[in-house]
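Open the model in your viewer and keep the selection tool ready. Each stop below says what to pick and what to look for there.

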Amino acid sequence: MAEPETFRAVLHMEITPGTDREFEETWRDIAGTISEQPANLGQWLLRESGTEGSYYVMTDWADEASFREFELSAPHVENRKRLGRYRRAGSMATMRLIGPVGPGAA
């Protein structure tokens, strides 16, 4: 039986200028609730170099079905509302991790 592939969602958000600190604090709080989901494998907040207010959120899940279930849940809707007040624009891409390469790769 093949092992399930990790499912990754990558969100890009452009936030309102001057709200970086509040946005990052809110994201950290939200990230704590997401990490409690059994199928969540981890998440990362990244700020794009050389730009103001451009962030990426990467989140890994055990499978796509678990991600989609969480995406439609009441806690996620609340999370989107909390972050939405900072967001000016955004997009999401989803993908499956095929395999690692490089130091430490199994």
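## The whole chain

Start with the cartoon view. The protein chain has 3 helices and 4 strands. This is a predicted model. Trace the chain from the N terminus: the elements run β-α-β-β-α-α-β. Now zoom out. The C-alpha atoms fill a box of roughly 50 × 35 × 20 Å along the principal axes. Colour by burial next. Of the 106 residues in the chain, 34% are buried.

## Stop one: the largest pocket

Select Leu-11, Val-57, His-76, Arg-80 and Leu-83. Of the residues lining the largest pocket, these lie nearest its centre.

Which elements each supply at least two residues of the lining? Highlight these in turn:

- strand S1, residues 7–15
- helix H1, residues 20–34
- strand S3, residues 54–61
- helix H2, residues 64–71
- helix H3, residues 74–84
- strand S4, residues 87–96

Now colour the lining by residue type. You will find 12 nonpolar residues, 7 polar ones and 3 charged ones.

## Stop two: a nonpolar patch

Switch to the surface view. Select Trp-44, Leu-46 and Tyr-56. Together they make a nonpolar surface patch of about 260 Å². Click on Leu-46. It sits in strand S2, which covers residues 40–47. Is Leu-46 buried or partly exposed? Its relative accessibility is 36%, so Leu-46 counts as partly exposed.

## Stop three: salt bridges

Hide the surface and show side chains. Side chains of opposite charge can pair when their charged atoms come close. The structure holds 10 salt bridges. Here are some to visit.

Pick Arg-8 and Asp-60. They form a salt bridge, with the closest N and O atoms 2.6 Å apart. This pair links distant parts of the chain: Arg-8 is in strand S1 and Asp-60 in strand S3, 52 residues apart. Asp-60 has a relative accessible area of 7%, so it is buried.

Move to Arg-47 and Asp-20. Their side chains meet in a salt bridge, at 3.9 Å from N to O. Arg-47 lies in strand S2 and Asp-20 in helix H1, so the pair ties together parts that are 27 residues apart in sequence. How do the two ends compare in burial? Arg-47 is partly exposed, with a relative accessible area of 49%. Asp-20 is buried, with a relative accessible area of 16%.

Glu-24 has a relative accessibility of 14%, so it counts as buried.

One more selection belongs here. Pick Glu-64, Arg-68, Glu-71 and Arg-96. Salt bridges with shared partners join these four residues into one network.

## Stop four: distances to check

Begin with Met-58, in strand S3. Its relative accessible area is 23%, so Met-58 is partly exposed. Draw a line from Met-58 to Met-92. They are 34 residues apart in sequence and 9.8 Å apart in space.

Go on to Ala-93, in strand S4. Ala-93 is partly exposed, with a relative accessible area of 35%.

Met-95 counts as partly exposed, at 35% relative accessibility.

Note on methods. Residues numbered from 1 in each chain as written. Predicted model: local features only at pLDDT ≥ 70, side-chain atom pairs only at ≥ 80, totals over all residues. Heavy atoms only, no water. 1 Å grid on protein atoms, 1.4 Å probe; cavity = no way out; pocket = protein on both sides within 12 Å on 5 of 7 lines; lining within 4 Å. Nonpolar A, V, L, I, M, F, W, Y, C, P; charged D, E, K, R; others polar. Patch = residues over 30% accessible without salt bridge, like charges linked within 9 Å, V, L, I, M, F, W, Y side chains within 5 Å. Areas by Shrake-Rupley, 256 points an atom, 1.4 Å probe, with all protein chains shown as cover. Buried < 20%, exposed > 50% of the residue type's maximum accessible area, 1.4 Å probe, protein only.
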